[in-house]
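I opened this model to look up its strands, its core and its pocket. My notes follow the order in which I checked them.

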Amino acid sequence: MAEFEDYLAKIDDPEHQARVRTVLNWVQTTFPQLEQRYAWNQPMFTDHGTFIIGFSVAKAHMAFAPEGQAMDQFIDAIQAAKYNPGKRFGRIKWTQDVDYDLLKRIISFNIADKAETTTFWRK
């Protein structure tokens with residue numbers, strides 16, 4: 001998590017900071033093969049140099065960004081979790097529980113779907 005410490009330190013609300021830390025630790029523990037990367041002002045995880053998922057925070061929520069294809073694949077589950085979906089990211093309100101099973105499915109999808117990808121983003 002050393003890669004993300006500066007980012008985490010900038011989150012003013014201690015509860016939000018702890019929640020983001022928990023999610024990032026969960027990703028690293030669940031998917032130990034993923035590399036940590038801090039870019040575009042957000043912590044993200046990559047696999048063989050290709051983007052898998054990124055996270056960011058705002059006043060009302062924490063966002064997860066798995067790229068548009070993964071959002072399309074899981075839109076029904078994201079809406080069922082009552083997360084506010086965008087085109088390339090979903091928003092989890094600070095008052096909502098994190099659906100770790102859903103995150104695991106999204107991350108696993110990206111790892112498998114991008115196994116042969118040689119670029120950072122999908123083309």
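**Ground rules.** I am working from a predicted model, where local features need pLDDT of at least 70, side-chain atom pairs count only at pLDDT 80 or more, and totals for chains, interfaces and linings use all residues. Residues are numbered from 1 along each chain as its sequence is written, and side-chain values use heavy atoms, with hydrogens and water left out.

**Entry 1: β1 and β2.** I took helices (H or I, at least four residues) and strands (E, at least two) as DSSP runs, numbered from the N terminus. Two strands pair if DSSP finds at least two bridges between them. I found β1 (residues 35-39) antiparallel to β2, with five bridges. Tyr-38 sits opposite Pro-43 of β2. Two residues separate the strands in this hairpin, and Trp-40 has a positive phi near 55° there.

**Entry 2: β2 and β3.** This pair is also listed as antiparallel, with four bridges. Asp-47 faces Thr-50 of β3 across the pairing. The hairpin again has two residues between the strands, and His-48 takes a positive phi near 45°.

**Entry 3: is β2 buried or exposed?** I used buried for under 20% relative accessible area, exposed for over 50% and partly exposed in between (1.4 Å probe, protein chains only). β2 (residues 42-47) is largely enclosed by the rest of the structure, because six of its six residues are buried. In a regular strand, side chains alternate between the two faces of the sheet. I checked both faces of β2: Gln-42, Met-44 and Thr-46 are buried on one, and Pro-43, Phe-45 and Asp-47 on the other.

**Entry 4: β4 and its partners.** β4 runs antiparallel to β3 and is joined to it by four bridges. Val-57 has Met-62 of β4 as its bridge partner. Three residues make the hairpin link from β3 to β4. Another four bridges tie β4 to β6 (residues 90-93), again antiparallel. Phe-64 is opposite Gly-90 of β6. Five of five β4 residues are buried. His-61, Ala-63 and Ala-65 lie on one face, Met-62 and Phe-64 on the other.

**Entry 5: the core.** A nonpolar core here is a set of buried Ala, Val, Leu, Ile, Met, Phe, Trp, Tyr and Cys residues joined through side-chain atoms within 4.5 Å. Which members of the largest core touch the most others? I got Phe-64 and Ile-107, out of 30 residues. The elements giving two or more residues to this core are α1 (5-9), α2 (14-30), β3 (50-57), β4 (61-65), α3 (68-80) and α4 (100-113).

**Entry 6: the pocket.** β3 supplies the largest share, four residues. I sorted the lining into seven nonpolar, three polar and two charged residues.

**Entry 7: Gln-96.** I located Gln-96 in the loop between β6 and α4. Gln-96 counts as buried because its relative accessibility is 17%. Its side chain reaches the backbone nitrogen of Lys-93 at 2.8 Å.

Technical notes. Nonpolar A, V, L, I, M, F, W, Y, C, P; charged D, E, K, R; others polar. Polar contact = N/O pair within 3.5 Å; in protein donor to acceptor, adjacent residues only side chain to side chain.
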